[in-house]
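The following questions and answers concern one protein structure with its ligands. Please examine the sequence and the model before reading on.

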Amino acid sequence: MTRYSAILVLLLTIAASTFRGGSGVEEYREQEEHYSEHEKSEGIFLLEKSEKILKTEAGEVSVQTRLKDAMKPPHDLQIVFISMEPKSFFVPQYLDSESVFYVLRGSAKFGWVHNGDFIEKNLKMGDVYRIPGGSVFYLLNTDKGQRLHITCGLDTSSSLNPGSFQSFFVAGGEDPVPVLSAFDDRILSVAFNVSRSELDTILSRQSRGPIIYIEDRGHKTLRSSSFFSPCNEDSWDWGHIIESFKFRKGSPDSFNIFKKKPDFKNDYGWSLAVDRHDYSVLKEADIGVFYVNLSAGAMMAPHFNPEAREYGIVTRGEGRIQIAFPNGTSAMDVSVGVGDVFWVPRYYPVCQIAARSGPMEFFGFTTSARKNRPQFLAGRNSVFNIMESRSLATAFSLSEKRLRGILQSQKESVILPPLTRSPTAPPREKEHEKEHSIFSILGFK
Ligand SMILES: *[C@@H]1O[C@H](CO)[C@@H](O)[C@H](O)[C@H]1NC(C)=O
Ligand SMILES: *[C@@H]1O[C@H](CO)[C@@H](O)[C@H](O)[C@H]1NC(C)=O
Ligand SMILES: *[C@@H]1O[C@H](CO)[C@@H](O)[C@H](O)[C@H]1NC(C)=O
């Protein structure tokens, strides 16, 4: 019953603005201005800007948390941002959650232990890479000039405290403290078959935090072959710990989203989703990813996702996100810009609109690796145009002809063009598009 009323209100709103014609355009503009003044905190499905959980001179890690009065997403997917300075190193650790990494900018060397083999992977912008929970990995930004920005979707449902994740550092010293430090000295010296003083050299030297600059003498350490070499005095001693792992290049592969052909494309934008059919390891993580590019003023038609919850990160431009409650009232209507993170509950209708000043792009994670089948509530492929029109006309209490006239006036589907400008009201001169950097907005330098 409530679902019907939601659809009803949505359709009536759309129908009403269609009927109003020219004045509808005016009203839309007024609303646009009005909404841009909206407080961000009114977006109950917005996630607050990063809470820093780790910061060193060479980088930082932040987690998106919800706003005080916001809706609480179910505790399974955490969105994490990692930022690393040029020539820096994130020491080996493992996480208590399935992880899907996405490179927002820069390039990374990703080293990890997979089924007893050491795998090294070069990742670049647009690459998606999944590693299972409990895999020991490290990250290197080997670039001399560019910062590395990565976002991760972490499935925390099997963590001890679902909704938050833990890192376990396997290497370190005073900072980060490796998990091994928890054990008794005697036990460790037996376990490693070394004297306590030798043990001390392993567990006390590092004090610069989990993300550190790679020292110049360590140029050698950039070469993977010598990186773990136990006889290289300059390399970190944790090399001893994982020296036994064999180096192997290659699989498992990463997946670059920009290499995929869009699933949908028209004159007003495109969208693509990467699911387990494109990148099979997503199946085990049960996380999917997607990317949407809306041209200036275009909108993703109101739709809902029957398969999954989604988390979107605005990566370019500005726009608006509207989300509907089941009872047909607005759950959220906010302006968003680069770096904003929003989430959309499963089944809740949502509509994303790019500002008229330029395209809006967003990347996202979904809580399912299955093929997503969004259901549209407007546009040529909407559920209304699939349903039999007589019953719909009765539901709307309109004649079939009149209803068909309304439903058929939108010729496009999925991504819809902006409202045509009224000739009597020239478009307001917009401020020049600010080139926001996602990273400055996320609080990174
Ligand atoms: C421990 O080290 C000593 C000498 O360094 C060696 O003789 C011995 O075999 C080692 N024991 C084990 C269990 O590896
Ligand atoms: C998104 O579309 C705009 C044009 O509307 C284009 O300039 C831009 O390169 C596209 N972005 C990507 C990542 O392809
Ligand atoms: C609609 O549902 C929302 C969320 O459950 C609630 O806060 C709001 O008061 C409801 N509005 C009406 C008119 O029922």
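This is a predicted model: local features need pLDDT of at least 70, side-chain atom pairs count only at pLDDT 80 or more; totals for chains, interfaces and linings use all residues.

Q: In what sense do strands E20 and E23 pair, and over how many bridges?
A: Strands here are DSSP runs marked E of at least two residues, numbered from the N terminus, as helices are runs marked H or I of at least four. Two strands pair if DSSP finds at least two bridges between them. Strand E20 covers residues 319–324. Its pairing with E23 is antiparallel, over 5 bridges.

Q: Which residue of E23 is the bridge partner of Gln322?
A: E23 also pairs with strand E18 (residues 299–304), antiparallel, through 3 bridges. There, Met299 has Ile353 as its bridge partner in E23. For Gln322, the partner in E23 is Cys351.

Q: Why is E23 described as largely enclosed by the rest of the structure?
A: Buried means under 20% relative accessible area, exposed over 50%, and partly exposed in between (1.4 Å probe, protein chains only). In a regular strand the side chains alternate between the two faces of the sheet. Val350, Gln352 and Ala354 point one way from E23, and Cys351 and Ile353 the other way, and all are buried. E23 (residues 350–354) is therefore largely enclosed, the number of its buried residues being 5 of the 5.

Q: Over how many bridges do E16 and E17 pair?
A: In E16 (residues 269–274), 5 of the 6 residues are buried, so this strand is largely enclosed by the rest of the structure. E15 (residues 264–266) forms a hairpin with E16, with 2 residues between them. E17 (residues 288–294) contains Val289, the bridge partner of Val274. The pairing of E16 and E17 is antiparallel, and its bridges number 6.

Q: Which element of the protein chain has the highest mean pLDDT?
A: pLDDT is the predictor's confidence in each residue, from 0 to 100. The chain has a mean of 79, and 75% of its residues reach 70 or more. Among its elements, helix H6 (residues 238–242) has the lowest mean, 35, and the highest, 97, belongs to E15.

Technical notes: Residues are numbered from 1 along each chain as its sequence is written. Chains are lettered from A and ligands numbered from 1 in the order in which they are written. Side-chain values use heavy atoms; hydrogens and water are left out.
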